[in-house]
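Here's a quick tour of how the inside of this protein is put together. Have a look at the fold first, then read on.

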Amino acid sequence: SMLRIRRMDQECCSLKEEIAAQHRFDDVIGRSAAMQRLFAVLDKIVASDVTILLTGESGTGKETIARCVHYNGPRSVGRFVAVNCGALAENLLESELFGHVKGAFTGALANRTGRFAAADGGTLFLDEIGDMPLEAQTRLLRVLQEGEFTIVGGREPIRTDVRIVAATHRDLGVLVEQGLFREDLYYRLNVVPLRLPPLRERTEDIPLLARHFFTCIQKEGLPGKMLSGEAVRLLQSYDWPGNVRELENLVCRLSALYTEENIGADIIERELLGDRQMVEAVDGAEADSLGNSVDRHVAQYFAAHKDALPTPGLYGRILREVEQPLLQRTLAATRGNQVRAAEVLGLNRNTLRKKIRELGIQVSRAVQ
């Protein structure tokens, strides 16, 4: 039994070493000037415990950088714990972060350890911090100020020792102005701000990234591929709205769908423009083209998670993405007149008011 425990311990250590080796900064690909500037700052702060705020569009690699900070710093012996603040229902976020005692609320059937406790001695990665509800922001600020938290339904404060790395694709400064993000929390998190460049600002990294993803896929047993010079130029002229994640998805698709060893410009063109042409070809049928783009969005979302499934709450997240622009555009068209907007949308006035509040939509009445 002791021998078994020792063997498991050794396996655990070698697994930790293997994981750490995978997250060396050398493995973050970027020869471009934008990435070199990022590395220069990371080199200075990785050994310290300062709080980092990563900003950048979706798919730019914020979690990858957060993991690198953890595995290259003094806290690599602890755990790297990630929380997506935008993916959890408001009433579950505090329980997720701080844990709860059995019976603290309906559905709390057993004690639960929160992410803060799980990350003790390590790094807590707060992804999509801009989507965190105000009440949870207040709790988080208190924890960061006092260095301790209370379990939901618990009494005794618990000391916490974590490094915080936060990330968002939203402009927190604007959210602060709109009253949707606490200013004091913003300054607490924004100790070292790091902006991750979108892929269109680092096009010289595209061939390196593509080669890296092809190599990873080859290790999984799929045949290796090469890109022609023209194919690479096409990739470099594309604007990559989904950034590095979109490039990785494309490489997966190319490996899975094509038997050719050399990928030419024709294939790249078909893959990159196929979706757009399909949407444009839908003859004025807006509902259909919206359906196509939602289908594409959801397909990419699942592909980005590879073999894993997305965190629970996908239905609500997708609906929220559709609802927000729909309500905002309608309110803009009715110049902030909620009665008329409700009429256009075919919603009850109270329902519209509730949704405006839930989605944090700013409504300004036009000067008549």
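What follows covers the nonpolar cores, the aromatic pairs and the cysteines.

## Ground rules

This is a predicted model, so to speak of local features we need pLDDT of at least 70, side-chain atom pairs count only at pLDDT 80 or more, and totals for chains, interfaces and linings use all residues. Residues are numbered from 1 along each chain as its sequence is written, and side-chain values use heavy atoms, with hydrogens and water left out.

Start with the largest nonpolar core, which has 29 residues. A core here is a set of buried Ala, Val, Leu, Ile, Met, Phe, Trp, Tyr and Cys residues joined through side-chain atoms within 4.5 Å; buried means under 20% relative accessible area, exposed over 50%, and partly exposed in between, using a 1.4 Å probe and protein chains only. Phe116, Leu126, Ile129 and Phe181 have the most contacts inside this core. Two or more residues each come from strands S2 (80–84), S5 (123–127) and S8 (163–168), and from helices H4 (90–98), H6 (134–146), H7 (172–177) and H8 (183–189). H6 gives the largest share, five residues. Helices (H or I, at least four residues) and strands (E, at least two) are DSSP runs, numbered from the N terminus.

Leaving out residues up to four places away in sequence, Leu126 touches Val83, Cys85, Leu97, Leu140, Ile164, Val165, Ala166 and Ala167, where contact means heavy atoms within 4.5 Å. There's also a second, separate core of 23 residues, including Leu199, Leu208, Leu235 and Ile268.

## Aromatic pairs

Searching the whole structure turns up four aromatic pairs. Rings of Phe, Tyr and Trp (its six-membered ring) pair if their centres lie within 6.5 Å; planes under 30 degrees apart are stacked, over 60 edge-to-face, and the rest tilted. Phe98 and Phe116 are stacked, because their ring centres are 5.5 Å apart and their planes sit at 15°. Phe98 belongs to helix H4 and Phe116 to helix H5 (residues 115–118), so the pair ties together parts 18 residues apart in sequence. Phe98 is buried at 1% relative accessible area, and Phe116 is buried at 1% too.

Tyr238 and Trp240 make an edge-to-face pair, 4.6 Å centre to centre with 85° between the planes. Both Tyr238 and Trp240 are buried.

## Cysteines

Cys252 is partly exposed at 30% relative accessibility, while Cys85 is buried at 1%.
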